[in-house]
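The exercises below each set a task on the structure shown here and then work through a solution step by step.

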Amino acid sequence: MSGSEANFDGLVGPTHHYAGLSFGNEASTRNQNAAANPKLAAKQGLLKMKALADLGFAQGVLPPHERPHLATLRQMGFGGSDREVLAQAQAYSPRLLSSLSSASSMWVANAATVSPSADSADCRTHFTVANLNNKFHRAIEADTTSAILRATFKHDGHFAHHDALPQVAALGDEGAANHNRLCGDYDKPGVQVFVYGRDGLVTGENEPVRYPARQTRLASDAVARLHQLSADRTVFVQQNPEAIDRGVFHNDVISVSNRNVLFHHQQAFANSDAALDEIRRKMAALELDFHPIEVPQAKVSIDDAVATYLFNSQLLSKNDGKMMIVVPEESRQHSGVWDYLCELQDSGGPINQVEVFDLRESMRNGGGPACLRLRVALNRAELAAVNDGSLMNDALFARLNQWVDSHYRDRMHAEDLADPQLLTEVRYALDELTQILGLGVIYPFQR
């Protein structure tokens with residue numbers, strides 16, 4: 001096998017706090033105004049990255065964004081020095097300042113949609129940055145995300161980068177959180193599965209009523225065109241609107257794939273039988289078997305899946321041909337979900353190992369193992385072309401932990417965001433981080 005799937009995890013930012021900004025994400029809402037620990041959050045993420053790298057998986061790091069985002073505040077008419085802008089924003093609306101200080105860029109499953117070179121007509125790996133226009137605090141991420149991805153994957157012969165789709169509701173795009181790929185070897189052609197919540201042009205048909213459907217079919221179609229994908233190797237599937245209304249705000253809360261396995265809940269999709277049949281037919285045309293693992297509602301309810309993030313997991317291929325599933329500690333703490341995982345591990349199927357990580361700080365804001373990583377399938381030449389400083393190893397792990405210890409606070413409330421010293425701390429930290437990772441100039445304050 002000459003290809004691999006690399007996971008690039010988002011490093012939690014210094015302004016990590018609990019503000020309940022993500023309507024439809026029940027964990028985010030439930031923990032609003034609780035005290036957060038940015039230092040612990042960053043270290044929990046780094047431990048997961050290092051553990052997977054030690055197991056032989058290709059693992060990279062993507063840096064956080066500058067926050068508070070003063071550029072947006074200035075666009076909104078707040079003026080003067082940075083200190084004055086922060087004070088004006090806090091006086092006008094603490095909620096606004098919180099939105100523009102969110103560390104949500106850590107969930108890089110929403111950074112972009114990625115299509116490997118084996119599937120694209122021009123034989124390059126394609127990245128389309130997500131516009132994330134359903135949430136104000138995330139819609140401001142696209143420019144910095146684009147700069148980070150272009151610096152990390154900077155070889156034009158191997159990588160093609162596309163700007164975010166227009167910032168209109170009809171083109172709502174949430175990135176890889178609503179995208180799966182099924183294949184044999186990672187560097188061979190596969191079938192890409194785009195999951196959407198609503199049409200985008202036609203409204204009111206088979207849509208959720210309680211929570212918003214963030215991804216549109218119109219956006220998914222656009223990304224497939226940009227990535228030069230063929231119709232006979234793409235599948236478009238609608239989320240079950242009832243699942244969205246139960247808190248399944250992204251598809252990666254209810255399903256995850258790896259190689260030829262799709263691990264999903266019984267109620268994940270609006271027309272599950274037809275969708276699975278189409279995937280099976282298109283994989284068969286590539287002489288690939290399809291192995292869906294459907295978790296029945298009777299075994300794990302949607303509510304329990306959302307509470308434990310069973311499906312917001314990582315499926316990773318081991319050297320023995322079997323797969324390992326990476327789940328958060330919350331899945332182990334729920335007796336019913338843990339019983340199911342133990343049963344799955346011993347079933348004789350493709351998944352025979354369960355690994356558990358404590359990601360409590362991220363989980364309390366509604367992001368599990370899958371939210372924290374962007375999957376990028378690469379052949380050997382492409383992996384060699386990735387920015388070397390972004391790849392996890394012993395030295396980088398030690399240096400990043402020292403960096404976190406030097407620059408991060410261990411307690412953060414929303415009212416702390418107006419502290420001008422915090423902005424200074426963030427800028428010093430990010431300037432040093434770009435040097436550690438060898439990314440060059442990617443933040444506006446560096447220019």
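**Exercise 1. Find the residue that stands opposite Val114, and describe the sheet around this pair.**

Val114 stands opposite Phe127 in S4, where strands are DSSP runs (E, at least two residues) and helices likewise (H or I, at least four), numbered from the N terminus. The model is a predicted one, in which local features need pLDDT of at least 70 and side-chain atom pairs count only at pLDDT 80 or more, while totals for chains, interfaces and linings use all residues. Residues are numbered from 1 along each chain as its sequence is written, and side-chain values use heavy atoms, with hydrogens and water left out.

Step one is the pairing: S3 and S4 (residues 125-129) run antiparallel and are joined by 4 bridges, two strands being paired if DSSP finds at least two bridges between them. Step two is the sheet, an open one of 3 strands in the order S3-S4-S5 with mixed pairing. Strand S3 (112-115) and strand S5 (159-162) each have a single partner strand and stand at the edges, so one side of each is left without a neighbour in the sheet. On average, neighbouring strands here are turned by 15° against each other, direction ignored. Step three is the helix on this sheet: H7 (residues 142-152) touches S3, S4 and S5, and its direction makes about 160° with that of S4; contact means heavy atoms within 4.5 Å, and such angles run from 0 to 180 degrees between N-to-C directions of axes fitted to C-alpha atoms, for helices over the stretch in contact.

**Exercise 2. Determine which residues of helix H13 are buried and which are exposed.**

Begin with the cut-offs: buried means under 20% relative accessible area, exposed over 50% and partly exposed in between (1.4 Å probe, protein chains only). In H13 (residues 335-345), Val337, Tyr340, Leu341 and Leu344 are buried. Seen down the helix axis, these buried residues fall within an arc of 100°, so they line one face of H13; the arc is taken from the directions from the axis to the C-beta atoms. Ser335 and Asp339, on the other side of H13, are exposed. Finally, the buried residues pack against several elements, among them strand S10 (261-265), helix H11 (302-308) and strand S14 (351-357).

**Exercise 3. How are H2 and H16 oriented towards each other, and which classes of residue make up their contact?**

Helix H2 (residues 38-54) packs against H16 at an angle of about 175°, with the axes 10 Å apart. That makes the two helices roughly antiparallel, a term for angles over 145 degrees, whereas those under 35 count as roughly parallel, 65 to 115 as roughly perpendicular and the rest as oblique. Among the residues that meet are Leu46 and Leu47 of H2 and Phe397 and Leu400 of H16. The contact has 6 nonpolar, 1 polar and 6 charged residues, where Ala, Val, Leu, Ile, Met, Phe, Trp, Tyr, Cys and Pro count as nonpolar, Asp, Glu, Lys and Arg as charged, and the others, Gly among them, as polar.

**Exercise 4. Locate Met412 and decide whether this residue is buried or exposed.**

Met412 lies in the loop between helix H16 (394-407) and helix H17 (420-437). Its relative accessibility is 0%, so Met412 counts as buried. With residues up to four places away in sequence not counted, Met412 touches Pro14, His16, Ala35 and Leu422, among others.
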